[in-house]
Amino acid sequence: MQNRVTRLFNIDYPIIQAGMIWASGWRLASAVSNAGALGLIGSGSMYPDALREHIQKCKAATNRSFGVNVPLIYPDIDKHIEIILEEKPPIVFTSAGNPKTWTARLKEQGITVVHVVSSSKFAFKAQEAGCDAVVAEGFEAGGHNGREETTTMVLIPAVCDAVNIPVIAAGGIATGRQMLAAMVLGAEGVQIGSRFVASPDPISHLKFKDLVIAAQEGDTQVSLKQLTPVRMMKNKFFAAVQEAEQRGATAAQLQDLLGRGRAKKGMFDGDLDEGELEIGQVSALIKKIQPAAEIVKEIWNEFETLLQQPLK
Ligand SMILES: Cc1cc2nc3c(=O)[nH]c(=O)nc-3n(C[C@H](O)[C@H](O)[C@H](O)COP(=O)(O)O)c2cc1C
């Protein structure tokens with residue numbers, strides 16, 4: 001199957017492995033790219049030197065396209081962009097910030113730029129900023145979320161109506177049937193995060209991965225809405241935030257409670273009580289840890305099979 005997304009990235013399947021802090025380094029990204037989909041390095045948890053190393057290792061590990069996800073709120077963003085302009089990965093996915101700031105600069109260097117949005121208004125702004133495509137990420141997604149809480153089912157058709165550039169659906173997609181549903185809604189590709197956490201390839205702690213495959217419906221919730229809303233597993237840290245919010249904690253008090261390094265503590269160090277464990281609602285459907293290439297193949301085979309079948 002070829003469409004605007006496979007042609008834009010020069011990939012076999014319109015499946016993108018999401019950039020994810022403490023999960024998506026060069027190993028996962030290159031495994032996904034070698035399997036014919038698009039792997040992204042998540043720069044949000046990397047010091048600038050580490051980002052350079054991951055890009056170089058990814059270049060050595062695959063001759064297929066790969067990209068880098070750059071959350072624009074990163075404190076050292078100028079240094080990350082400098083490294084990207086030097087190393088020139090073929091594709092950059094920006095998120096959490098204004099796409100106007102860097103898109104033109106990256107595109108001048110021949111880099112394909114995609115921006116992640118949570119509303120059709122921001123999708124239109126990304127198109128105006130010159131982005132080649134948008135990821136429309138619904139409220140089901142793991143990690144940072146839109147304040148308007150629009151779900152994937154509503155967001156995808158709304159964004160598809162608002163822009164002419166290709167739309168990639170994200171949030172709550174982990175299987176071929178969910179991918180097919182997203183494509184019926186008008187998306188031309190899918191970005192998948194949580195399912196790729198449950199793989200030996202991410203750098204995340206095994207305890208976190210085991211928790212992901214044991215998750216049930218209702219085990220995740222969006223929290224820290226006064227700061228930046230983030231979907232995470234309900235654990236001791238989540239309960240402490242809830243309690244603080246019920247007591248009427250201010251944003252500054254919540255920031256103190258969050259402290260520094262919470263996400264690393266949970267997802268990388270494996271502290272399942274005190275860490276921030278970012279994961280999507282779809283974790284309830286993820287049942288096993290599998291190599292990334294197997295995940296790509298399974299999703300694609302299910303998608304293709306269902307595409308041939310009549311509706312029930
Ligand atoms: C552990 C984790 C970390 C994430 N980190 C980032 C990040 O650094 N930058 C970003 O743009 N999105 C991040 N996200 C969101 C993903 O890129 C992706 O859009 C989302 O996971 C899709 O929804 P899903 O989890 O239902 O597959 C993260 C998601 C997870 C689960």
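This is a short tour of a predicted model, one selection at a time.

**Stop 1: the barrel**

Start with the strands β1, β2, β3, β4, β5, β6, β8 and β9. Together they make a closed barrel of 8 strands, in the order β1-β2-β3-β4-β5-β6-β8-β9. The pairing is parallel. From one strand to the next, the twist averages 25°.

Now select β1 together with β9, residues 189–192. These two strands pair in the parallel sense, over 3 bridges. Pick Ile15 next. Which residue in β9 is the bridge partner of Ile15? It is Val190.

**Stop 2: a helix across the barrel strands**

**Stop 3**

Take the β10 side. Show Ser223: Val230 in β11 stands opposite. Then show Thr220, whose bridge partner in β11 is Met233. Follow the chain from β10 to β11. The two strands form a hairpin, with 6 residues between them. Stop at Leu224 in the turn, which has a positive phi of about 55°.

Turn to the β7 side. Here β7 and β11 pair in the antiparallel sense over 2 bridges. Select His144 and find Val230 in β11 opposite.

**Stop 3: an aromatic pair**

How many aromatic pairs does a search of the whole structure find? It finds 4. Select one of them, Trp22 and Phe268. The pair is tilted, with 5.2 Å centre to centre and 40° between the planes. Colour by residue number and look again. The pair links distant parts of the chain, 246 residues apart. Trp22 sits in the loop between β1 (15–17) and α2 (26–34). Phe268 belongs to helix α13, residues 262–268.

**Stop 4: a cavity**

The count comes to 1 cavity of 30 Å³ or more. The largest cavity has a volume of about 40 Å³. To find it, select the residues that line it: Ser118, Glu137, Gly138, Phe139, Asn145, Gly146, Arg147, Glu148, Glu149 and Thr150. Colour them by class. The lining has 1 nonpolar, 5 polar and 4 charged residues.

**Stop 6**

Finish at the second largest pocket, with a volume of about 270 Å³. Select its lining: Arg177, Leu180, Leu306, Leu307, Gln309, Pro310, Leu311 and Lys312. Which elements give two or more residues to this lining? They are α8 (176–184) and α14 (292–308). Colour by class once more. This lining has 5 nonpolar, 1 polar and 2 charged residues.

Methods. Residues numbered from 1 in each chain as written. Predicted model: local features only at pLDDT ≥ 70, side-chain atom pairs only at ≥ 80, totals over all residues. Heavy atoms only, no water. 1 Å grid on protein atoms, 1.4 Å probe; cavity = no way out; pocket = protein on both sides within 12 Å on 5 of 7 lines; lining within 4 Å. Points joined across faces, edges and corners; volume = space filled by probe spheres on them. Nonpolar A, V, L, I, M, F, W, Y, C, P; charged D, E, K, R; others polar. Helix = DSSP H or I, 4+ residues; strand = E, 2+ residues; numbered from the N terminus. Pairing = 2+ DSSP bridges. Phe/Tyr/Trp six-rings, centres within 6.5 Å; stacked < 30°, edge-to-face > 60°. Axes fitted to C-alpha atoms, helices over the stretch in contact; angles between N-to-C directions.
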